[in-house]
Number of protein chains: 2
Amino acid sequence: MENKQTEISTLGEFGLIDRLTRDFPLKNESSHKGIGDDAAVLGFGDKEALVTTDLLLEGIHFDLRYVPLKHLGYKAAVVNFSDIYAMNGTPKQITVSLGVSSRFTVEHIEELYAGIRLACEVYGVDLVGGDTSASVTGLVISITCLGEAAKEDIVYRSGAKPTDLICVSGDLGAAYMGLQLLERENRVAAGAEPGFQPDFSGKEYILERQLKPEARKDIVKMLAENGIKPTSMMDVSDGLSSELLHICKSSDVGCRVYEDRIPIDYQTAVMAEEFNMNLVTAAMNGGEDYELLFTVPLADNEKIEKLKGVTMIGYVTKPELGAAMVTRDGGELPIRAQGWNAFADNSAAPASSAADDAVPQADSTDVEK
Amino acid sequence: MENKQTEISTLGEFGLIDRLTRDFPLKNESSHKGIGDDAAVLGFGDKEALVTTDLLLEGIHFDLRYVPLKHLGYKAAVVNFSDIYAMNGTPKQITVSLGVSSRFTVEHIEELYAGIRLACEVYGVDLVGGDTSASVTGLVISITCLGEAAKEDIVYRSGAKPTDLICVSGDLGAAYMGLQLLERENRVAAGAEPGFQPDFSGKEYILERQLKPEARKDIVKMLAENGIKPTSMMDVSDGLSSELLHICKSSDVGCRVYEDRIPIDYQTAVMAEEFNMNLVTAAMNGGEDYELLFTVPLADNEKIEKLKGVTMIGYVTKPELGAAMVTRDGGELPIRAQGWNAFADNSAAPASSAADDAVPQADSTDVEK
């Protein structure tokens, strides 16, 4: 990487867009026309088009003191892909709109785009449009993703039925613990000698989960290969508690999940211990896991048990039973969403408070009487 | 309108989204599934899907001291529709993402959505998704619009051929003059007695062009009804000079436009006089007109002459002749884009400087030797 820094004003808006988008050749047959006109042109033939969008704001959704721009670009794209996979679809195109304040140089924005480009390459997605403008304060990233799926393949949140099994891919809470670690090291670094280097050895996994999450394309593929079509599905972005309640509401059902079945990685557990946090709270409400939460008919029990990287965590009930967690001692605690509540007191929030807004307090619990 | 004000934090993100989106019934056959899942589902059958996106930032693109929130919502939607019409398509769906700081109440955001809803009703568009989150400072609006068109109907910027006629709908420069007027009255009001009311009588047209622009759906329809398919087309958002250069670049052509053919409304001319501004500069570079700029084969000359609200302003040339304006005295001045350059010195820009960033200085000219 070179260190040359170019004021964005020297390129102008169109020059910047040209420079940022020249390395995105179109890959998909359905991408008929990409950047360079009033709108992109997409041809979906007999497929259904899926569309999802995410807005990421500096100081709310990310903190550039510990998130490298390339990682941020990668993540900003991947979280949109994750929404398309969560419909059992395939992401095909994205548009990227940026608001950029003058403290950013062209090289900064190129780093961000390098991450977006990498994500597009890894997931086979085309960049087809966008918009770049100035911002008074900070960085604003708005990404819209188009995807496609055959009509009969689409999985909604609304299809869960009583007795269905509730499954989740991968493990939960690691991204949240990664964020806790980054924030702590950032506080330490602020008061440290020049040249201070945080020691992240043995914590690579939780850092990667926070900084460079992946969308579970592999799980969608594996389910299809094994002849499993989920009855409902969504990705875990706000936290498992919140997502379970979404599925219960959309499907008009209740659920029971078992505390001792929530999949948690070893590094996540170690960090929770170090931070003196409730581990299950972190796993249930931490968010940003981008795992897939889905339900399957009870009859798929054996098929699911054979799948690597998928855990059955509970079952769907009639709606009147509500949503609850079965604790290790056999008790039941109602599930409450305590994930993301970005509207609570954001006015006074400094840039570093993204995590404080995004997650529950360390001493709170995801379940309560 | 009631005056009750609700803190957004009392509703939470999902409560706010529910409240904002409950009055948007789906209207289009292609809107298979709207808000409430990871992604909207759109079915385009044999049509091409078009997608465009715009990001609007407070302090850069709008100033809430003189832009009512309902108007802002209307405009934010309409400018996206305009991009779809500029492809000779029909807008069908939008997603709306908002970043909202805590100085906004639920009622504020409902006003904004009332404008979006009105625009959706007027243009027959469905709201199918979005995202709402907190913002550290100010209001952020990101809208993505999906549209459709038969493949053979789509008009790109790249199809202009030498000898084609250059046409523009409506008149130019009015939105810019409306902005100048609003900014002046805002400065006056700041130093005035309580109860001061600006007098906008006789200036309604230029104000409406700034505050509540329309997309030229009617022009697209009229062209189709008269059997005219433009060879190239785009909407005038950054200013005629900038858009002419886009078409010249995309089509690899040059152009000549006649100074005395640029359509300008009487109120625009009066205001330019009042502000001691170059009228043609304002019309060529003011931007935000959302008129359609298009080219047609010379053979369509007679058809075009019969159309109300369309002006032939010049013709397409070979690329080596460049882009130039033919002045009243018969001279030629190269056309230069002096529209929107939002990256020039935005860091120090107060919220009120949107216009200063967006438009040329009053004493500059759009054309130069």
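Analyst: Let's start with a term: a residue is buried under 20% relative accessible area, exposed over 50%, and partly exposed in between (1.4 Å probe, protein chains only). This is a predicted model, where local features need pLDDT of at least 70 and side-chain atom pairs count only at pLDDT 80 or more, while totals for chains, interfaces and linings use all residues. Residues are numbered from 1 along each chain as its sequence is written, chains are lettered from A and ligands numbered from 1 in the order in which they are written, and side-chain values use heavy atoms, with hydrogens and water left out.

User: Thanks! Is A:Glu332 buried, exposed or partly exposed, and what about A:Arg256?

Analyst: A:Glu332 counts as partly exposed, at 46% relative accessibility. A:Arg256 is buried, with a relative accessible area of 6%.

User: Which kind of contact do the side chains of A:Arg256 and A:Glu332 make?

Analyst: Here is the general idea: side chains of opposite charge can pair when their charged atoms come close. A salt bridge is a side-chain nitrogen of Lys or Arg within 4 Å of a carboxyl oxygen of Asp or Glu. A:Arg256 and A:Glu332 meet in one, at 2.9 Å from N to O. The pair links distant parts of the chain, with A:Arg256 in strand β9 and A:Glu332 in strand β13 of chain A, 76 residues apart. Helices (H or I, at least four residues) and strands (E, at least two) are DSSP runs, numbered from the N terminus.

User: How do I read a sheet?

Analyst: Strands of a sheet pair through backbone hydrogen bonds, either parallel or antiparallel. Two strands count as paired if DSSP finds at least two bridges between them. Here, six strands form an open sheet with mixed pairing, in the order β1(A)-β2(A)-β3(B)-β6(B)-β4(B)-β5(B). Its edge strands, β1 of chain A and β5 of chain B, each pair on one side only. β4(B) and β5(B) pair in the parallel sense over eight bridges, and B:Gly99 stands opposite B:Ser133 in β5(B).

User: And helix α7 of chain A: how many of its residues are buried?

Analyst: Nine of the twelve residues of α7(A) are buried, among them A:Leu240, A:His246 and A:Cys248.
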